[in-house]
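Biologist: I would like to learn how to read rings, helices and surface patches from a set of coordinates. Could we take them one after another?

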Amino acid sequence: MEASAGLVAGSHNRNELVLIRGHEEPKPLRALSGQVCEICGDEVGMTVDGDLFVACNECGFPVCRTCYEYERREGTQLCPQCKTRYKRLKGSPRVEGDEDEEDIDDLEHEFNIDDEKNKQQQQGQQNRHITEAMLYGKMSYGRGPEDAESNTPQIPPIITGTRSRQVSGEFPIASNHSHGDLSSALHKRVHPYPESEPGSTRWDEKKDGGWKERMDDWKSKQGILGGEPDEFDPDMPLSDEARQPLSRKVAIASSKINPYRMVIVFRLVILAFFLRYRLLNPVNDAIGLWLTSVICEIWFAVSWILDQFPKWFPIDRETYLDRLSLRYEREGEPSMLSPVDLFVSTVDPLKEPPLVTANTVLSILAVDYPVDKVSCYVSDDGASMLTFESLSATAEFARKWVPFCKKFAIEPRAPEMYFSEKVDYLKDKVQPTFVKERRAMKREYEEFKVGVNALVAKAMKVPPEGWIMQDGTPWPGNNTRDHPGMIQVFLGHSGGHDSEGNELPRLVYVSREKRPGFQHHKKAGAMNALIRVSAVLTNAPFMLNLDCDHYINNSKAVREAMCFLMDPQTGRRVCYVQFPQRFDGIDRHDRYANRNTVFFDINMKGLDGIQGPVYVGTGCVFRRQALYGYNPPKGPKRPKMVSCDCCPCFGRRKKDKLSKDGLIENPVEEGMDNDKELLMSQMNFEKRFGQSAAFVTSTLMEEGGVPPSSSPAALLKEAIHVISCGYEDKTEWGTELGWIYGSITEDILTGFKMHCRGWRSIYCMPKRPAFKGSAPINLSDRLNQVLRWALGSVEIFFSRHSPVWYGYKNGHLKWLERFAYVNTTIYPFTSLPLLAYCTLPAVCLLTGKFIMPTISTFASLFFISLFISIFATGILELRWSGVSIEEWWRNEQFWVIGGVSAHLFAVIQGLLKVLAGIDTNFTVTSKATDDEEFGELYEFKWTTLLIPPTTLLIINLIGVVAGVSDAINNGYQSWGPLFGKLFFAFWVIVHLYPFLKGLMGRQNRTPTIVVIWSVLLASIFSLLWVRIDPFILKAKGPDVRQCGINC
């Protein structure tokens, strides 16, 4: 299907397929007016058939035959306008690079028009049969054919085992492979026929007579036959460099990591002694307070162990992009880099502004990667016409923006962020035209913004009859809960060229079908739909998923990931490469720990040294085969050593058992290939992947690619099929394949399932952040974001995929990795002991009791050592990670703030949902804010989440006032025990200080800390004034408290 040819909408279940044209006019090719050659000025001339001579079929640039022949023979063989390679036309001599034509000698058959027509007719008839087999073939493995007709359509070539070519920038519609009549036999077989694959490294001497010649050629290159071994090959250093690893691990310096580990062990020992002392020394007059505090401390100790020990093996990594280019991008040859499908997901354009999504898409289209290897899929799960129209405008602006980015190598390649950067844009830009073109591009972008914002303003008022497209057709997604599936190819194939005539990456709009009565599984279901539709259309072996507000900040980010995924030594066992999340628009002090640097720069580095980081939902490059549920390839197993029967030696190799035929039983499995054959022999593809022949075909292609016989129309029909609402019924989608269902944080579950199968992941932290996004910076939105994450963790804990009890059967998940996953699911439950522990200081101050007995000098050493080890662990952690102490302190503060608010409500909501089936939502109401920078930081939105921390602040402040006043009343002897109580109370208040600051909003004149201390000191001095009472004479008499009234 050509770009901009129309919107395809349809429903497989209802047998509907509609092509809506005319919404946007496709750009016509350049007119051949004047019939004058643009190079030499002569007339273009005619062909032998009397038609106008056309040198380039892509853009129609007028060139005469003489200039065409000269350009093919002596020049670059490229069209001057669109840079497309000139194809050999009838009557033109061959040049180097022309494709062979069915092994026919060109000198004898160059002008044999009848043979060419016969071959075209045979090829067209063959393609028609293959396409029919793809669309209507029965995936009835293990059963016989349902009809006995002899003219059964042929099976798509990939089903019969032939290899398809790599994904390119256009849909292939022809095949040069021949296929036999294999349909009847395939119905009775489970395994595909093992045919010889073109380009395979396995040589068959009987079938390939040139084996000896190739061997001699290889020996001559190695200096074994002929050749002088002493001759120096200038390309040898490059080839040696290309054979080097594409990445390497960088261990943390021993001077930093060894003291850190020693302090962890020391802290663990001190913690054991501390808990032993607390258990053996109860407080008899406050047994309830003592028991509560001990339970909380034991839970904190367990939580610390689960969080701390997965950070035992932190590592860094380095990538070598130059080696990647040397190995896969040789000069003068097509790029061998693997294709990548990039996914962008959005739902509501009024909550996720279309301009933000447009910047993300533009940064993808301008990525530093071969354009024919990049395909961008935008999932509109809200079926919004606003998203569709804004994406159409984005595709038109990309024709100007992409060549500008690549011409001047600008960073970042999202226009909003590039033009808003407060840097010297003339630095390192030596081109004299840069300033002029930058100003022109900025004007173009401002016009583009005005157009998109006009679409947003128009979308605020929905017409009573619904949205109407420009050709008068009603928008298929007017009912967001009941609409057909929609696909539109905006860029790619024909028509996908920029303003300079260069090819652009593919851009596809996708909105999956939705009908009442079906489970759609929110974002996870939308991502699974993108997996299937991309597999049918392009089928790249790797996929990058991004949220709509996360743009590509480093244009080489995809290459960074390929250094791990395409590494021939270790890449085949890598399921995904996760990048850290970085954010724009956060205030300098990061009051609510939005950057989350402690997690991304400490915890994730630690996991990378074990089995890899967890998947965090965005900025992740996946291996498609890993999402299909396949196991990683297995290396050769070392034979077990068993003791000898005759002497006590160290052991000997275990003999392989031989069968009756003399063959070895239970041979070593060969990894993913054997896994596929095992799955094919044990299960039905329909039950696993769904009833789409084209999609099941694509799942067998480990290196990607689409069947060469597939026509665009057939592929689009299958694409509509795989995004239908009932496609996943009675399949393994969401349980074993793709994004896993069962939690609103589907990212944790998806990565966990891959690690349980034995895959490992990689954490990539390039110097320039790969991706950047936006984060909520005001208190209420931040708490609601944390609530959603915590609720997802609670759902995982109560599901069958809980890391506490899932994944022990195969034993592929390492124990420290399991510790990390268990910690990600139980951390919300820490809110219960944390809330109780933050309440204890106020209770102690108000009642005069304490959670600890009077301690001796020896027992005080436990407390001192514990506090020293806590601070030492934090300082040494910051030392090897590079995290600043301010970021670490903000993280500690928000751990308390989120723990006593969002995490607490997540536990309550999760328990209600799991045990009682009650789904509770906590809504947020907003209040107006100003438009200045960081104005949203002071925006206040009242929500139920604010009640627990506010209550804790009030009772602790009251407790401090009551404790101080009580000490004043009782004399100086009561100040000693008061200091311990005040220490815990101030610990709570200091951690909740950012919350209090956000609660009070903007204070234009008086700083918040002044207000706090004013209230606190005013209360203390008021009580002290009442105690002294200087204006009233005190009567001397008996002490009523000692002897009573009748003394």
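This is a predicted model: local features need pLDDT of at least 70, side-chain atom pairs count only at pLDDT 80 or more; totals for chains, interfaces and linings use all residues.

Biologist: In which helix is I870 found?

Modeller: I870 is found in helix α26, and together with F867, F871, I875 and F983 it forms a nonpolar patch on the surface, whose accessible area comes to about 490 Å². Helix α26 gives the most to this patch, with four residues.

Biologist: Why would residues a few places apart in a helix point the same way?

Modeller: An α-helix has 3.6 residues a turn, so residues three or four places apart point the same way.

Biologist: How many aromatic pairs does the structure hold?

Modeller: The structure holds 46 aromatic pairs. One of them joins Y277 and F862, with 6.4 Å from centre to centre and 55° between the planes, which makes the pair tilted. This pair links distant parts of the chain, as Y277 lies in helix α7 (residues 254-280) and F862 in helix α26 (residues 857-881), 585 residues apart.

Biologist: Are Y277 and F862 buried or exposed?

Modeller: Both Y277 and F862 are buried. For a second pair, take F797 and W805, whose ring centres are 6.1 Å apart; because their planes meet at 55°, between the limits of 30 and 60 degrees, this pair is tilted. F797 has 19% relative accessibility and so counts as buried, the limit being 20%, whereas W805 has a relative accessible area of 47% and is therefore partly exposed.

Biologist: Which residues do ring pairs link into a cluster?

Modeller: The cluster linked by ring pairs is made of F397, W401, F404, F408, Y418, F419, F434, Y445 and F448.

Biologist: Where does the charged end of R323 sit?

Modeller: The charged end of R323 sits over the ring of Y320, at 4.1 Å from the ring's centre, and in another case R532 lies over the face of W733, 4.9 Å from the ring centre.

Biologist: How many residues of helix α22 are buried?

Modeller: Helix α22, which runs over residues 746-756, is mostly covered, with 11 of its 11 residues buried. Just after α22, G758 takes a positive phi of about 105°.

Notes
Residues are numbered from 1 along each chain as its sequence is written. Side-chain values use heavy atoms; hydrogens and water are left out. Rings of Phe, Tyr and Trp (its six-membered ring) pair if their centres lie within 6.5 Å; planes under 30 degrees apart count as stacked, over 60 as edge-to-face and the rest as tilted. Helices (H or I, at least four residues) and strands (E, at least two) are DSSP runs, numbered from the N terminus. Buried means under 20% relative accessible area, exposed over 50%, partly exposed in between (1.4 Å probe, protein chains only). A charge sits over a ring if NZ of Lys or CZ of Arg is within 6 Å of the ring centre and within 35 degrees of the ring normal. Patches are made of residues with over 30% relative accessible area and no salt bridge: like charges are joined within 9 Å, nonpolar side chains (Val, Leu, Ile, Met, Phe, Trp, Tyr) within 5 Å. Accessible areas come from the Shrake-Rupley method with a 1.4 Å probe; for residues, only the protein chains shown count as cover. A salt bridge is a side-chain nitrogen of Lys or Arg within 4 Å of a carboxyl oxygen of Asp or Glu.
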